[in-house]
Amino acid sequence: MKLNVIENSDKKASIELVGESETLANLLRKKLWESGADQAAFMREHPYLSMPKVIVYGKNPTKLLGNAAQKIIDQAKEFQTEFKRALNK
């Protein structure tokens, strides 16, 4: 995966998820809301010609993006643990 930072200021950040689907962008948007973002959204200008973009507004948006990414990682690890446990029953 590659990320392009489109904008990064004190109150707003937007990134482009190169080579990723809207699924990851939507999950990131959801976790941004859970992390306390004032606003968070994702968009894709054209389904075949553009990449998904995630936009976040709030105090320290880069920290919000980092927190949201960590929540996704933690949730994936929890799923992996539970999946392995379920297979061993």
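This is a predicted model: local features need pLDDT of at least 70, side-chain atom pairs count only at pLDDT 80 or more; totals for chains, interfaces and linings use all residues.
Gly-36, at 47% relative accessibility, counts as partly exposed, and this glycine is found in the loop between helix 1 and strand 3, the latter covering residues 39–43. Pro-61 itself is one of the buried residues of helix 2.

The phi angle of Asn-60 is near 55 degrees, which is a positive value in a residue other than glycine.

The protein as a whole has 2 helices and 4 strands, and from the N terminus on these elements follow the order β-β-α-β-β-α. The C-alpha trace spans about 50 × 35 × 20 Å along its principal axes, and of the 89 residues in the protein, 27% are buried. When contacts between residues at least 6 apart in sequence are considered, 50% of them join residues at least 24 apart.

Helix 2 contains 27 residues and reaches 39 Å from its first C-alpha to its last, a span close to the 39 Å expected at 1.5 Å a residue. The buried residues in helix 2 are Pro-61, Leu-64, Leu-65, Ala-68 and Ile-72, and what covers the buried residues of this helix includes strand 2, helix 1 and strand 4.

The axes of helix 1 (residues 22–34) and helix 2 come within 8 Å and cross at roughly 110 degrees, which makes helix 1 roughly perpendicular to helix 2. The crossing of these two helices is right-handed. On the side of helix 1 the contact is made by Leu-27, Leu-28, Lys-31, Leu-32 and Glu-34, while helix 2 contributes Leu-64, Leu-65, Ala-68, Ala-69, Lys-71, Ile-72 and Gln-75. Sorted by class, the contact of helix 1 with helix 2 has 8 nonpolar, 1 polar and 3 charged residues.

Ala-68, which lies in helix 2, is buried, with a relative accessible area of 0%. Not counting residues up to four places away in sequence, Ala-68 touches Leu-28, Lys-31, Leu-32 and Ser-35. The C-alpha atoms of Ala-68 and Arg-29 are separated by 8.3 Å, with the two residues standing 39 apart along the chain.

Among the strands, strand 2 (residues 12–18) holds Ser-14, a residue that is buried with a relative accessible area of 6%. Leaving aside its neighbours within four places in sequence, Ser-14 is in contact with Asn-4, Val-5, Ile-6, Glu-7, Val-54 and Ile-55.

The accessibility values of the residues discussed above are gathered here.

| Residue | Relative accessibility | Class |
|---|---|---|
| Gly-36 | 47% | partly exposed |
| Ser-14 | 6% | buried |
| Ala-68 | 0% | buried |

Notes: Residues are numbered from 1 along each chain as its sequence is written. Side-chain values use heavy atoms; hydrogens and water are left out. Buried means under 20% relative accessible area, exposed over 50%, partly exposed in between (1.4 Å probe, protein chains only). Contact means heavy atoms within 4.5 Å. Axes are lines fitted to C-alpha atoms, for helices over the stretch in contact, and angles run from 0 to 180 degrees between N-to-C directions. Angles under 35 degrees count as roughly parallel, over 145 as roughly antiparallel, 65 to 115 as roughly perpendicular and the rest as oblique. A crossing is left-handed if the near helix is turned anticlockwise from the far one by less than a right angle, and right-handed if clockwise. Ala, Val, Leu, Ile, Met, Phe, Trp, Tyr, Cys and Pro count as nonpolar, Asp, Glu, Lys and Arg as charged, and the others, Gly among them, as polar. The expected span of a helix is 1.5 Å times one less than its number of residues.
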